[in-house]
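Reader: Please take one part of this structure and describe it closely, with the cut-offs stated. I would like the surroundings of that part as well.

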Amino acid sequence: MTKPYNRFTIRENGEGQLIGRAAEQEFSDILIQKSLVHEYLGPAKGPVDFKVGEVTIDVKVKERNVPAEQHYEAHVDLRLQKKDCHVYVFASFCHDFEWMGWISKKKFWEQAVIVQRGQLRDGFTEKEDAGKLPYSALFPMEQ
C-alpha cells in the first residue's frame, strides 16, 4: 500500500502517485528520444518534475475511464499558481498514456477558467480550487 503523497492526493492509497510517476518516466523517455538533455526533479517533491536547459516543466496526468477528447480539460490546482514553473505538460491515461499537449504556465493562467472546490460543473463536483483549460487550447507535443 502506498501512502498518499500529500493531502491533495485524490486517489485512495496513493494510487494516483503511481500513474504520476509512470507519466514522468514516459515523458523522460520522450525527452531522450528527442535528444533533449534534461534533469529529473520529481523525487525532490517540488513544483516541477523536469528541467531542460533553463526551462522547468511540471507533468500533469489525469487517469480516466474513457479515452480523452479535445474538449476535456487540463487541470492545475490553484495552490500551484504562484509556484515556480515555466511549462505544464498534460497527459491522459486510460489504458495507455496519451500526451494531450503543453502550454506555458503564464498562458495557462491567463486563459484558464477558475473553479472552486465543491462547485458542480459539467456533472462533476470539483475536488479542489483549480484552473481548467480545454486540451484543444494546448500546443501539440510535436511543437
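Author: What follows is a description of strand 5 and of the parts around it.

The model is predicted, so some limits apply: local features need pLDDT of at least 70, side-chain atom pairs count only at pLDDT 80 or more, and totals for chains, interfaces and linings use all residues. Residues are numbered from 1 along each chain as its sequence is written, and side-chain values use heavy atoms, with hydrogens and water left out.

The protein chain has two helices and 10 strands. Helices (H or I, at least four residues) and strands (E, at least two) are DSSP runs, numbered from the N terminus. In order from that terminus, the elements read α-β-β-β-β-β-β-α-β-β-β-β. Of the 143 residues in the protein chain, 38% are buried. Here buried means under 20% relative accessible area, exposed means over 50%, and partly exposed lies in between (1.4 Å probe, protein chains only).

Strand 5 covers residues 87-93, and seven of its seven residues are buried. In a regular strand the side chains alternate between the two faces of the sheet. In strand 5, one side carries Val 87, Val 89, Ala 91 and Phe 93, the other carries Tyr 88, Phe 90 and Ser 92, and both faces are covered.

Two strands pair if DSSP finds at least two bridges between them.

On one flank, strand 5 runs parallel to strand 3 (residues 55-63), and seven bridges join the two. Within this pairing, Asp 58 has Tyr 88 of strand 5 as its bridge partner. Thr 56 also belongs to strand 3. Thr 56 is buried, at a relative accessible area of 13%. Setting aside neighbours within four places in sequence, Thr 56 has contacts that include Cys 85, His 86 and Val 87; contact means heavy atoms within 4.5 Å.

On the other flank, strand 5 pairs with strand 6 (residues 97-104) in the antiparallel sense, again over seven bridges. Here Ser 92 stands opposite Glu 98 of strand 6.

Cys 85 is buried, with a relative accessible area of 12%, and Cys 94 is buried at 17%. A disulfide is a pair of cysteine sulfur atoms within 2.5 Å. By that rule the count is zero disulfides.

The next topic is the nonpolar packing. A nonpolar core is a set of buried Ala, Val, Leu, Ile, Met, Phe, Trp, Tyr and Cys residues joined through side-chain atoms within 4.5 Å. The largest such core has 17 residues, and those with the most contacts inside it are Val 76, Tyr 88, Phe 90, Ile 103, Phe 108, Tyr 135 and Leu 138. Strand 4 (73-77), strand 5, strand 6 and helix 2 (105-111) are the elements that give two or more residues to this core. A second, separate core has 14 residues, including Ala 23, Val 52, Val 59 and Val 87. Val 76, one of the residues named for the largest core, is in contact with Lys 60, Tyr 88, Phe 90, Phe 108, Trp 109, Ala 130 and Gly 131, when neighbours within four places in sequence are left aside.

For the chain as a whole, consider contacts between residues at least 6 apart in sequence: 52% of these join residues at least 24 apart. The protein chain exposes about 9000 Å², of which carbon and sulfur atoms supply 52%; accessible areas come from the Shrake-Rupley method with a 1.4 Å probe, and for residues only the protein chains shown count as cover.

Two loop residues remain to be noted. Most residues other than glycine have a negative phi. Ser 35, in the loop between helix 1 (15-33) and strand 1, has a positive phi near 60° and counts as exposed at 62% relative accessibility. Asp 122, in the loop between strand 8 (120-121) and strand 9 (124-125), has a positive phi near 55° and is exposed at 64%.
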